[in-house]
Amino acid sequence: MSPHSNADTPTPPPMGKRTVEGTHLMHRSLKVEPAMVESAKGLELHLSNGRTVLDACGGAAVAIIGHGNEEVTQAMIRQAGKVSYVHTQAYTTPAAEDLANFMLEGSPHGLEKAFFVSSGSEAVESALKLARQYFFEKGETDRVHFVSRKQSYHGNTMGSLSVSSNLARKVPYQDFGYQHVSHVSPAYAYRYKRDEETMADFTARLLEELENEFLKVGPSRVIAFVAESVGGATAGCVPPPPGYLRGVRAVCDRYGILLILDEIMCGTGRCGTYFAFEQDDVVPDLVTVAKGLGGGYCSIAAVLAHKRVVDVLRRGTSSFNHGHTYQAHPIACATALAVQQIVRRDGLVARCAAMGKLLEAKLRAELGACPSVGDIRGRGLFWAVEFVKDKTSKETFDPRIKFGIKVQQTAFEAGVAVYPGWTTVDGKRGDHILLAPPFTVTEDELDTIIGVVKAAITVQEQVYIQGPLATSFITRARLVATNADDPPMAGFGKDYKTLSREATSIPECNSHYHFRRISYYVVAISRLAVVLPCVPAYPATIAGECRILCPQSQALSEPRASKVKCLHTGTPPCQRCRRSNLDGCALMLPRTPVGKLKRKRTQQSTPSDVQSEVTWTNTPQQREAPVLQSTSNRGFSGSLQRRRSSSVHDSTGPYDKESVQSHISRLPAGTVMKCLNIFTNKFPELAILHLPSFIAELRSRGSKEATCLLSAVLAVTRSQPSVLHASWGEDLLQREHYALYAKDLLKDLILQPPNIQVVQALLIVTLHEWGTRDFHKAWVYCGVAVRIMQALHSLRVAPYPLDLTSERKTDATSVAIETRTYWACFIMDCMVNSGTYNPPMIPMSEMIKLKIPRPVGVVEFAFGPDPSCRGPRSDESYANHTTGILDITQGFEILVAGFDIWTQLMAFIFQDGRRAPGMCAPLNCPWVPGSPWFVTRDQLENWRANQHRKLYYPNNSVAVHMTLGYGETFAYLNLLYYVSTLMLHREYFPFLPTLESTPQGPVDHPMLEATAPDGWWDESARILFGAAENLAKILHESSECGVHLMTPFAGFCAFSAGYLNLYVYHFPRMNLGRSPQAKACMDMCLDYLYEFRKIWTIADGWIKTIQHASLLYSRAVENRSRYQGRTRTDFDVLHQSIHEFRGIDRSDQHTQEIDEADISRHSEAQRQSIHGIVPEVDTNTLLTQLLAEVSSNLDEQAEEVSLPATN
């Protein structure tokens, strides 16, 4: 639940300093009156002073569907017209019955009855009394004690306040509440986990403390343990550590104690599942819900009781000895029912989960590096930002400052409402703010919210932090402002120079003036393409986008977060474009709030307005390709709108070439730019697009080649999570339509004179075909790309080229594009031939022979070569040029060298590996220097050693690199290293060990002809299973950070790691018990693969291979004699499948092998789930679940799936 503000710290801040003497309403503060809201719609609150505020916290995490929903309003009116009130002692109403039945249809998680009251405090109070009555009915009348947690909040009534631990709220009522309550430590890892503890250690310590508290009080005296599933506003959105709530459930069950979970704030979908506890695999006895239940449209809360609690009452008094006058109020119930029906009908819980991941990614990217931001935590659309004075020591700000409240007040003045928290840590110190927008929030609204919050934090950091980062930022801002030659901004009386001179004389208490001053600084910095220190600079520059704070109008008090976009990437900002009379500048100045924008559109929309928008359109002279156009008659003062074609396309209809061509030509420029940005970030192996030149071509002549390339990009980006969860992606066609259109164009283009964009389109289509399991076509498209690339290279370097009709481009940018594309051909050639018996078309030896230069770094590639630096000569290839330690900006070059090693490794494995003739001879054993295995291992480690140490995972996190804009590249480099390590070491380990097996070499023919040095196999096992664990964690951390790597290679990494974690989970002694997280890592990989399968069907084969391996290993563990003496030769097809990058579905062969190798085929076999189950588990239930899952898969895939036999 959420504690509200004290009287001396009103929130939101007062507007206009109105006093309360003229009103009879008792506000929370008797000093000042809060802001007056006259109307609200969506996320917008319209105040009486004319201002509009974005509600980024849903009040107190209440408004889950936004404000002003007409459907809910009408439901309220209809119920008031039928029956407005009856007393529940004698009557019920359809509204109350329907709401209970709707919420508890099918008794989810065993929850059987709903008791409706009017507030969260009442709900908790009711739950406490119901729990007491439960034991009273059972005759256990000595149970009077409740155990809760510190830094929790459960309500304001005496009972609910007693189990709370919000100290500030309890001060006036000490020794006045219920006395039989004690508190244990909160599950608050950021503050309470010791430095030397792992998360598992922390969880174990918390559970031990809870059990000790039960024993101290006397287990027979404890009624229940009360806890928020996810900590609310007191400590700030604190999710429990893994396994904590399951452990709590187990401890409570051990002593017959009830578990009450408070989901007043975090429930009803707020955390991304309808009940927050669902994510922790636990079921409470009683759960309370409130805020999101009515969504702010009515005052309603509920206690949901499990069947086992209700049954005790049924067998006893058959009643609940408790009630309220307004319980199950018919208007409240009807209103809440309408809200919940909208949530279910519109899929808002799933949307909350998706937007929550986006919000998390944006928070970590935008705020993670801010000096005062210590922790960012939460679930779904329920997030908190905790502030610290020092990140290293986690020192809090002086409580008298109320840093979090000041951030909230500053953000409110900028037009965004967030929820503040103080005394976060222990009831005395600590600050945070809470974000909990409605589930209907859009990505643009999230950008605005986070932009304003970031600026508000920066304002307060200037006042209260004198750290080098903040000081550096202010210094740079002052320098820019001092040298700015712009006139003062409209509405401000002082220019940049005056402000910079006054910067050091601003009183600390005048935060509002600081906020206005930071607006100037950010504007000035944006003019030199410099951004706030906590914002990743490079990606924003590439996208041609910088964020500023500037006044919405003449009023000093209303700066708003806005975006300035210019498609002249790499050139000065738009003010310079305007002064230089550059045509086609696409500028968007601060946007009008949504409500006002709609009114303006209604009043001002004219045909000329529609025609003046930025679009991707065809001119009569250029009908075959889109061209970026912008008319200049609109000027720079209006808001650009998204152009929508008059003919609405059917995104699910059959493919039609002309329709797709027309659709692409009418795509909004913003949509195209977003897709290009996603492609550039999400596909590190295809870092080939030079956005400035590509966009320039689209704008100037829009060739068929450029159209083909754009369509290929749309094909692979269409299904990316960042598109699927974005509102702007709804206008896109099916992915396959773009792919078919690109392939249609390629049929003609591949026979034309060689063109670099045709090569790039072919490479992207190759990746698409591979991901959709059309491996032969992928192989062909890649081969054609290589041949055209070779022709292009010959055209440029040959002294007497054969093709005299093609243009020879020798400028530095063209050479850099050609070089990158050639190396991309090399990478894709490596990938499509991995796991096959086809040799690569262009091995590294051929690239060296052709003297292909090294690819330039990402910064130089984006902005062009530095004229002061000598560029690479044509002979500076991998054979004779060394660049030293490579950093993240040279990620593509690192990938090139890594995939060369990967190709050699996969060739070794698919040429029978150790089973090849002579490979088991003493000189070829893996530990012998000079052996093929040893040489490959050395190459891999040298490749790693030539990378900057900050590129090593887990020493450095994905999150850190994500804040710099390189999260995908960092993750990809580490995936390549660890999957290569995994494949290398796995080759010599037995395929089917026993439970007693320890690290060892092959147990089947051919055997190694020499003995390994002492400890060699133990160390190899540590490296092997450590690589599998790191792969799982990289993918999991990437997903949590919003770095969704959904490429076929990343999917193969998840498959390889998932299989190996499955292996060591069943045979833990194969790593000497050093893989306690094997099951968790396996689940991470499977979760990733199930999400991956929604995008690429290649995952089907991988998932089924893991399922069959799980079946085999589960049977082998349950009955040791079942496969006794069997080796990998008995499972040759299954063993082959675990190496295959192609992801072939060989289910029938796998099943046949598993059954034929089964020594006890005539005995009853048990089919296991993919999670690998120990003998005591009910396998019949698991079989039913697996069949249901496969049935679901059949529905989703509309294709036949062969199941393993279950005999």
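In which kind of crossing, left-handed or right-handed, does α24 pass α26? The crossing is left-handed, a term used when the near helix is turned anticlockwise from the far one by less than a right angle, with clockwise giving right-handed. Contact here is made by Val-672, Cys-675, Leu-676, Ile-678 and Phe-679 of α24 with Leu-710, Val-713, Leu-714, Val-716 and Thr-717 of α26, where contact means heavy atoms within 4.5 Å. These residues divide into nine nonpolar, one polar and no charged.

A word on the source: this is a predicted model, in which local features need pLDDT of at least 70 and side-chain atom pairs count only at pLDDT 80 or more. Residues are numbered from 1 along each chain, and side-chain values use heavy atoms, leaving out hydrogens and water.

Back to our helices. α24 (residues 669-682) and α26 (residues 704-717) pack at about 70 degrees, their axes 9 Å apart, and are therefore roughly perpendicular (65 to 115 degrees).

Now compare another pair. Helix α2 (residues 70-82) packs against α12 (residues 330-345) at an angle of about 150 degrees, with axes 8 Å apart. That makes α2 roughly antiparallel to α12 (over 145 degrees). The crossing of α2 and α12 is right-handed, and their contact residues comprise ten nonpolar, two polar and two charged.

Finally, look at the rings. The structure holds 43 aromatic pairs (ring centres within 6.5 Å). Phe-397 and Phe-403 have ring centres 4.0 Å apart and planes at 0 degrees, so this pair is stacked (planes under 30 degrees apart). Phe-397 is buried at 1% relative accessible area (buried means under 20%), and Phe-403 is buried at 0%.

Key. Axes are lines fitted to C-alpha atoms, for helices over the stretch in contact, and angles run from 0 to 180 degrees between N-to-C directions. Helices (H or I, at least four residues) and strands (E, at least two) are DSSP runs, numbered from the N terminus. Angles under 35 degrees count as roughly parallel, over 145 as roughly antiparallel, 65 to 115 as roughly perpendicular and the rest as oblique. Ala, Val, Leu, Ile, Met, Phe, Trp, Tyr, Cys and Pro count as nonpolar, Asp, Glu, Lys and Arg as charged, and the others, Gly among them, as polar. Rings of Phe, Tyr and Trp (its six-membered ring) pair if their centres lie within 6.5 Å; planes under 30 degrees apart count as stacked, over 60 as edge-to-face and the rest as tilted. Buried means under 20% relative accessible area, exposed over 50%, partly exposed in between (1.4 Å probe, protein chains only).
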